[in-house]
Amino acid sequence: MTKSKANDNPEKTREHISEESMKDLLTKQLEIVGSGGAYVWAIFFLCVTPNILNGFHVSSYTLLGHLPEDQWCGLPDLDATNWTLAQRRHIAEGGLNSGGCTVWDWNYKRLGQMSYEAALNYTSHMSEISRPAEVSCKVKGSYEYADPESTFVSDWDLTCERSIQRTSAQVSLSLGKFCGSFSFGILADKFGRKTSFTLGAAFFVVGSFFCTFSPWYSLFLAGRFALGAASSGLFYPAFTMIVENVCLKHRSWMSIAFSASYPIGMIILAIIGYLIQPWRHLQLALTIPSLLLILNCYLMNESPRWLITNQRYDRVYKILFKQPSHYEIQPALAAPSADLVTDKKSLEPEGGSSVSLLDKLKSGPLKSIIELFANPSVRKLIFTSYFMFCVTSLSYYVTALNAANLSVSRYLYIVATGLVDIPSYLVPVIMLRFTGRRITTSFLFLWTGVSLLLVLAVPTGSTTWIVAFAMLGRFGISATYSVVTLYTAELYPTQIRNSALGTCSTFAHVGSISAPYVVDVLGAFGWYIPTTICGCCVLVAGLLTLTLPETGTDKLSDKIDGAAAAGAPAVAATDAAQPEKK
C-alpha cells in the first residue's frame, strides 16, 4: 500500500540536495563521461562532420565562379555568316587587348554581307584612313564563353565592367560569416549551443538550395550570405561543445582534428568538382550532404556545462546519468530581516523608467557583450584576441590568393592547399603538449611572419623560392588558426565564452574581407606588398601573445567573478570551476 502511494506521488520520493552539491555532483560526472567513451566520440563526430561541409562551400567559389578559359564578343551579324570563330574575332577584336570586353565600332551588318577576305580588306583600308572607336561588346552584341556551364560567370555575364560583381559572391559569404559569428555567438550563450547549431543548420540547408536553383544573381548572393552565416552558426557551437565537455587529455587533439576537418572538405570538393563540371550540378552535389545536418540536430544533446551554468540541473542529470533526476534542489534560506528594505524612498527607482529599461538591456541579449568590456582585465584580453584573429584571417586568405598565381589547375590548387593545411593542424598537437598554449601560439605567429618577410630576400625571378616561402607562411598561419581558436576559447569563462569567440570571429572576417583588396589593389603597386604587410602584422601579433596568460591547466571557469577580478585567465578561475581529469 505504501509502495503504491509512493509511485502515485513520485515527487515525495525525490531526495533534497543543495544547489552547490548538485553542481558538484554533475560536474564530477561530466569529468567522468568527458574523459572518454561513447559520449566523447559522439560529441566529436557530431561536431566534426558539419565542419567538413564548411570546407565544401567556403572553398567552392574557386570552382563555381572561376573566370572562363576564353571569352569573346558574339556579334549576331557575323554569327550568321560562314566565317570561322577565329575570323569573326579577328575582324571584331583584332589588335585589341581587352579579352573580348570591347570591339571595334564597325558596321557589322554591312560586313556580314561580305566574304571574310573582302571584310578584312575593307577594315584594313578604313583603319589606315581613320581608326574606328573602341566600344563595349554589349553595344554590338553579347559575351560568349568557352565551356560556359562550368562557371556562374556566364549565367549572369559577371565579366568586364561587371567583373567586380563576381567577387561579390565571395564577399557575400564573408559578410554572412561576419554577421553570423556575432549573432550566433550571442544566441549560443543566451539560448544554448544546440539551439544555435540547429538554427545554423537550417540556414545552411536553405542557403544551399538558394545557390543551387537561383535564377537571379541577387538570390544567389542571398544564398551565399546564408551559407556564410550558417557556417558560423555551425562552427562555434560545435567547437565550444568540444571545449566545454571533453577533458583536457582529449581536448587538445580533438580541437585540432576539428579544425583539420576543414581541409578534408576542400580535398573532397576538388575531387567532386573534377568529376562534375557544370557548376549547378556541382552545387547540387554539395547541397545534398547538408541534409545530414538534420540527423546531427536530432542526435546532439545540449552542452551539459552550459546547462549547469543556467541551472537546468534535471536536464543535465538526464544527459549524464541516462535517467531522470531523483533529486530536488533545496530552496535557499530566507534573507535576514535586517536586510529587508523598510525605507519607503528606497523602494522607489532612482532613475525612473529609464533605469528599468537599462536594467532590462543589461540582463537581456546584450549582457554577454557588456561583460566582455566591463572588466579591465577581460577588456585587455578581448582587444588582444581581436587583433590576433584579424591578422590570422588576413594572412590566411592573402597567402591563399597569392598561391593561386601558380600555373596549376584549380583542382590541383585546392588539393595542394588542403594537403598543406592538414599537417599544419597536426603539428600543434605535439607542441601543445610540451610548450603550452601561449608559447605555441607566439612561436607559430613568429614562424609565419619570418617566412612571409623572407620573400623580400628572394630575387624577383626566383618564382619557385617565392612560392616555397609563401606556402611555408601558409603552413604556419594555418597552424596558428587552429591554436588561436583553442587558446581564445580557454581564455574566457563559460558565461561569455561563445560571445568572445563570436565577436573574435567577427574581426577575423574583417581580415578575410580585406584580403582580396590587399592582394588586388596593393599588390598592383608591388607583388611583395601583401606578404610584407601580413608578415609585419603577424610578428606584432606574436609579441602581443606573450602578454596573455597561460591556459594549459586542468580547470575551466563558468563565471567571470573570480578570474576577472584577479586578472587571471578563465581557466584559472575558482568560482565555479571544477578540475578535469587529464
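Is Cys 179 buried, partly exposed or exposed? Select Cys 179 to find out. Its relative accessible area is 37%, so Cys 179 is partly exposed. Keep that residue in mind while you tour the other cysteines.

**Stop 1: confidence**

This is a predicted model. Colour the protein by pLDDT. The average is 79, and 84% of the residues score at least 70. Now select residues 1-12. Here the pLDDT is below 50. Beyond near neighbours in sequence, residues 1-12 have two contacts in the model. Next, select residues 562-582. The pLDDT stays under 50 there too, and the model has 61 contacts for residues 562-582 beyond four places in sequence.

**Stop 2: the disulfides**

How many disulfides does a search of the whole structure find? It finds two. Count the bonded cysteines along the chain, and the pattern is 1-3, 2-4.

**Stop 3: Cys 73 and Cys 137**

Select Cys 73 and Cys 137. A disulfide joins them, with 2.1 Å from S to S. Look along the S-S bond: the angle about it is 90°, and the link of Cys 73 and Cys 137 is right-handed. Now show the secondary structure. Cys 73 sits in strand 2, residues 71-74. Cys 137 sits in helix 9, residues 137-140. The pair therefore ties together parts that are 64 residues apart in sequence. Cys 73 counts as buried, at 6% relative accessibility. Cys 137 is buried as well, with a relative accessible area of 0%.

**Stop 4: Cys 101 and Cys 160**

Move on to Cys 101 and Cys 160. A disulfide joins this pair, with 1.8 Å from S to S. Which hand does the disulfide of Cys 101 and Cys 160 have? The torsion about its S-S bond is about -90°, so the disulfide is left-handed. Both ends lie in loops. Find Cys 101 between helix 6 (85-93) and strand 3 (102-104). Find Cys 160 between helix 10 (153-156) and helix 11 (163-191). The pair links distant parts of the chain, 59 residues apart. Check the surface again. Cys 101 has a relative accessible area of 17%. Buried means under 20%, so Cys 101 is buried. Cys 160 is also buried, at 14%.

**Stop 5: Cys 536**

Finish at Cys 536. This residue is in no disulfide. Which cysteine has the nearest sulfur to Cys 536? Select Cys 537: its sulfur is the nearest, 6.9 Å away. Cys 536 is partly exposed, with a relative accessible area of 39%.

Definitions and conventions:
Residues numbered from 1 in each chain as written. Predicted model: local features only at pLDDT ≥ 70, side-chain atom pairs only at ≥ 80, totals over all residues. Heavy atoms only, no water. pLDDT = per-residue confidence, 0-100. Contact = heavy atoms within 4.5 Å. Disulfide = S-S within 2.5 Å. Helix = DSSP H or I, 4+ residues; strand = E, 2+ residues; numbered from the N terminus. Buried < 20%, exposed > 50% of the residue type's maximum accessible area, 1.4 Å probe, protein only.
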